[in-house]
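I set down what I looked up, entry by entry.

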Amino acid sequence: MGGKFFADALVIGAGPAGLGTALALARHGVDVAVLEMQDRIGARRRGETIRFDREMDGLLGEGFFEKQTIRRINRRSYFSHTGLRRVDRTIGNPNLIISWPDFIQAMARAAEDAGARVLPASPVVGFVREQGRIAGVRAMVGGFMEEELKAKAVFSCGGCEDPASRLLNINRTGMDMPVSKRLVRGYAGPADRFEYHFHVHGDSLTIATIFPRAEGEAEVILMGYARGRKPRTIPFEEFAQAHGVFRERLEGTTSFYSLKTAIPMGRMISACCPEDRLVMAGDALGHVQSRGGSGIRTSFLLGYTAGRLGAGALQPGAWTTETTRKLEQGIQGSPPMRGLRRHNLIYSTLRAGIFGRIRDPGKMDRLWPLLRIALR
Ligand SMILES: Cc1cc2nc3c(=O)[nH]c(=O)nc-3n(C[C@H](O)[C@H](O)[C@H](O)COP(=O)(O)OP(=O)(O)OC[C@H]3O[C@@H](n4cnc5c(N)ncnc54)[C@H](O)[C@@H]3O)c2cc1C
């Protein structure tokens, strides 16, 4: 590979996966730069609840979670479409409410403290190849002109808009579910619990969640659930019209942040190392654990694993096909990946099996005793 390297390793995306990757690479002595398209790290919000995880807390510096926690919530209520059925749950490891921008910026500081360069306003627009192999990326660093940045390896962690996903023509239909999110003020509903409201109509299932935040604030999310076909969501207003309890909860609130995006629901779509010198992690690969408060943690831990094992692959000597094979094997066999697979096999399969049979609100009420098992 000719020319000067911009860094030994380039990471695309300063989300949990990219920052976990960069943290591990830097800690293992690799010169790494993270390229983030947003002008400010964490500007585009995603998930804002997480559950305490000792491993992640330790990797980010003990007490990290405590410092980021706005409030703790360990109760959940699920409402059937008609509102006639309900299940209340109390969970042992409470959900911690965080502020996404603060959380991500604190993660970025941890990566920087370990020696990584984190570069906002630096969208990656393509890949550089030499003799057919990945040799870097084309990016606009700090918003300046597009340039070629060479590296020994690229770690692509760009979430559901990941550029490597596009490069490899990965078909994400049926994996990415559409999500609309709002942060609202003036919320006067129960502050001690998460609420989940279901809507079924023929082939479409929409789940609305209300997660209370700081005093009078709540995160409201509408998510279309995949049932074999391309999932879709109904608009907030339409959902509120159809669901009295949900409507009541949001009465008098005003939205101060809104976002339309997608969330992959735990179906891995390709190898983590699809080519020599290219590694992918996080939502880019559908690495979400489809259970409340697990996506951030899973993406971070898988990113960290990819970075830790990737640092070994970057040792002097050519990166051969055998290096890629071993790296893939290492990531696939790692505890976070095994845990993710096991979890998704149990919960995603169970939920898909039950939700897939529900076509109308009445059937949802009839199947509620069965559904209760999956609502964990
Ligand atoms: C609305 C919503 C709510 C969620 N709620 C929760 C929750 O409560 N708890 C939970 O644990 N999980 C939640 N999740 C899931 C969780 O947020 C994700 O699984 C996690 O953020 C994935 O991390 P990631 O780093 O793979 O991707 P992302 O967090 O999406 O980060 C990818 C980064 O890459 C950048 N990027 C993309 N393309 C480029 C490019 N070409 N050049 C440079 N940069 C690029 C993006 O700007 C972004 O910063 C939620 C997701 C969504 C969408």
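This is a predicted model: local features need pLDDT of at least 70, side-chain atom pairs count only at pLDDT 80 or more; totals for chains, interfaces and linings use all residues.

I then looked at one pair of strands. β11 (residues 176-185) and β14 (residues 217-225) pair in the antiparallel sense, and I counted 7 bridges for them. Within this pair, Val179 stands opposite Met223 of β14.

I asked which way the side chains of β1 (residues 9-12) point. Ala9 and Val11 point one way, while Leu10 and Ile12 point the other way. I marked all of these residues as buried. The general rule is that side chains in a regular strand alternate between the two faces of the sheet.

Next I looked up the partners of β1. With β10 (residues 153-156), β1 pairs in the parallel sense over 4 bridges, and Val11 stands opposite Phe155 in β10. With β2 (residues 32-35), β1 also runs parallel, joined by 4 bridges. Here the bridge partner of Leu10 is Ala33 in β2. I followed the chain from β1 through helix α1 (residues 16-27) to β2 and recorded this β-α-β crossover as right-handed.

Two packed helices are described by the angle between their axes and the distance between the axes. On the α8 side the contact is made by Thr298, Leu301, Leu302 and Thr305, and on the α10 side by Pro336, Met337 and Leu340. I sorted the residues of this contact into 5 nonpolar, 2 polar and no charged.

I asked which residues come nearest to the ligand. Of the 40 residues around the ligand, they are Gly13, Gly15, Gly47, Gly159 and Gly282. I noted that α1, β3, β11, β15 and α8 each supply at least two residues of the shell. Helix α8 gives the most, with 4 residues. By class, the shell divides into 17 nonpolar, 14 polar and 9 charged residues.

I found Phe52 in the loop between β3 and α2 (54-60). Phe52 counts as partly exposed because it has 16 C-beta neighbours inside 10 Å. Leaving aside residues up to four places away in sequence, Phe52 touches Asp57, Phe65, Asn93 and Leu96. I also looked up Phe52 and Gly202, which are 150 residues apart in sequence and 37 Å apart in space, C-alpha to C-alpha.

Is Gln131 buried or exposed? Gln131 is exposed, because 6 other C-beta atoms lie within 10 Å. Gln131 sits in the loop between β7 (124-130) and β8 (133-139), and its phi is near 50°, a positive value in a residue other than glycine. I made a further note on Asn169, in the loop between α5 (163-167) and β11. Asn169 has a positive phi of about 55°, although it is not a glycine. I recorded Asn169 as exposed, with 6 other C-beta atoms within 10 Å.

How values were computed. Residues are numbered from 1 along each chain as its sequence is written. A residue is buried if 20 or more other C-beta atoms lie within 10 Å of its own, exposed if 12 or fewer, and partly exposed in between; C-beta atoms are placed from the backbone. Two strands pair if DSSP finds at least two bridges between them. A crossover is right-handed if, with the strands pointing away from the viewer, the path from the first strand over the helix to the second runs clockwise. Two residues are in contact if their C-beta atoms, placed from the backbone, lie within 7 Å. Ala, Val, Leu, Ile, Met, Phe, Trp, Tyr, Cys and Pro count as nonpolar, Asp, Glu, Lys and Arg as charged, and the others, Gly among them, as polar. A residue is near a molecule or strand if its C-beta atom, placed from the backbone, lies within 6 Å of it.
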